[in-house]
Amino acid sequence: MICYEHPLNERIRTLLRLEDLFNKVDFFLARDTPVEHHAALVALFEILDVTGRADIKSDLLQELERQRGLLEGLRKNPEISEEALNRVLNDITVTFRDLLNISGRIGGHLRDNEWLMSIKQRMNLPGGACEFDLPSYHYWLSITPEMRHHDFSEWIAPLLPIRSSSNIILKLLRNSGRIFRYTAYQGLFQQTDSGHLAQLLRLKIEKEIPCVPEISANKYALNIRFIPFGPDQKMNTYEEDIDFELAYCNL
């Protein structure tokens, strides 16, 4: 099965973007070549842009506090594992404290680094990070991988509470999903007034089916059109019936 996630509000869209970017940083930092560390820095700069919203910290704090209150109310539920519940609550408490301890604007330590900001500015231009444009950056890429890893550790450490907060919220959101099975007849599926509240839709289909879903949704209606995979068939609709799973996730 292949899963397609579709956020239904801007906050969840932001969290999914952060998750993707942090995963890219992890992937490229697990390697040692200059090209891969350049890609990690590009992803780090994108994280800086995404977290540039002034209210992201307060949004995360409010959501963590809300989830802590909801989970505390489950303590007397016999169907809930006390050990698992305590583990999640402890993660929320630790992450909430770390997030609260971030002083100033998120990513301020990066924005105050003139050398990094000069590189970021050049990266906004196609091919702007060539060695003749940024000789000091070219030198940094030539130093030992261990030294570059050390620099990255210092740059990303103040952002880790943002990552932990996002991970907790997304995990709780995904685990809340109510799964239903539907069929898209001749590649089309429509639903109105379903009664399912959702902040995130998770659609799964068999990987062998050569098409991708185009999802359009609001609180009144859901429309899914399956499009054949391929450069010449983008505007067509897949003509066969498709069975798929759809999870409505809501916190």
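Trainee: What does the chain have in the way of helices and strands?

Mentor: In this predicted model, the C-alpha trace of the chain spans about 60 × 55 × 30 Å along its principal axes. Of the 251 residues of the chain, 38% count as buried. As for the elements themselves, the chain has nine helices and seven strands.

Trainee: Is aspartate 243 buried or exposed?

Mentor: Aspartate 243 has its place in strand 7, which covers residues 242-249, and belongs to a surface patch of negative charge together with Glu239, Glu240 and Asp241. The relative accessibility of aspartate 243 is 55%, and the cut-off to apply is that a residue over 50% counts as exposed. Aspartate 243 is therefore exposed.

Trainee: Where is glutamine 186 found, given its positive phi?

Mentor: Glutamine 186 is not a glycine, and yet its phi is positive, at about 55 degrees. With 55% relative accessibility, glutamine 186 counts as exposed. As to its place, strand 2 covers 178-184 and strand 3 covers 188-192, and glutamine 186 is found in the loop between strand 2 and strand 3.

Trainee: How many aromatic pairs does the count come to, and which class does the pair of phenylalanine 27 and phenylalanine 28 fall into?

Mentor: The count comes to 14 aromatic pairs. In the pair formed by phenylalanine 27 and phenylalanine 28, the ring centres lie 5.1 Å apart and the planes make an angle of 85 degrees. Phenylalanine 27 is partly exposed at 44% relative accessibility, as is phenylalanine 28 at 23%. Since planes over 60 degrees apart count as edge-to-face, the class of this pair is edge-to-face.

Trainee: Which helices hold tryptophan 140 and phenylalanine 152?

Mentor: Tryptophan 140 and phenylalanine 152 form a tilted aromatic pair, with 5.9 Å from centre to centre and 55 degrees between the planes. Tryptophan 140 is buried at 5% relative accessibility, and phenylalanine 152 is buried at 1%. The pair ties together parts that are twelve residues apart in sequence, because tryptophan 140 lies in helix 7 (residues 135-142) and phenylalanine 152 in helix 8 (residues 145-156).

Key
Residues numbered from 1 in each chain as written. Predicted model: local features only at pLDDT ≥ 70, side-chain atom pairs only at ≥ 80, totals over all residues. Heavy atoms only, no water. Patch = residues over 30% accessible without salt bridge, like charges linked within 9 Å, V, L, I, M, F, W, Y side chains within 5 Å. Areas by Shrake-Rupley, 256 points an atom, 1.4 Å probe, with all protein chains shown as cover. Salt bridge = Lys/Arg side-chain N within 4 Å of Asp/Glu carboxyl O. Lys, Arg positive; Asp, Glu negative; His and termini not counted. Charge placed at Lys NZ, Arg CZ, Asp CG, Glu CD. Helix = DSSP H or I, 4+ residues; strand = E, 2+ residues; numbered from the N terminus. Buried < 20%, exposed > 50% of the residue type's maximum accessible area, 1.4 Å probe, protein only. Phe/Tyr/Trp six-rings, centres within 6.5 Å; stacked < 30°, edge-to-face > 60°.
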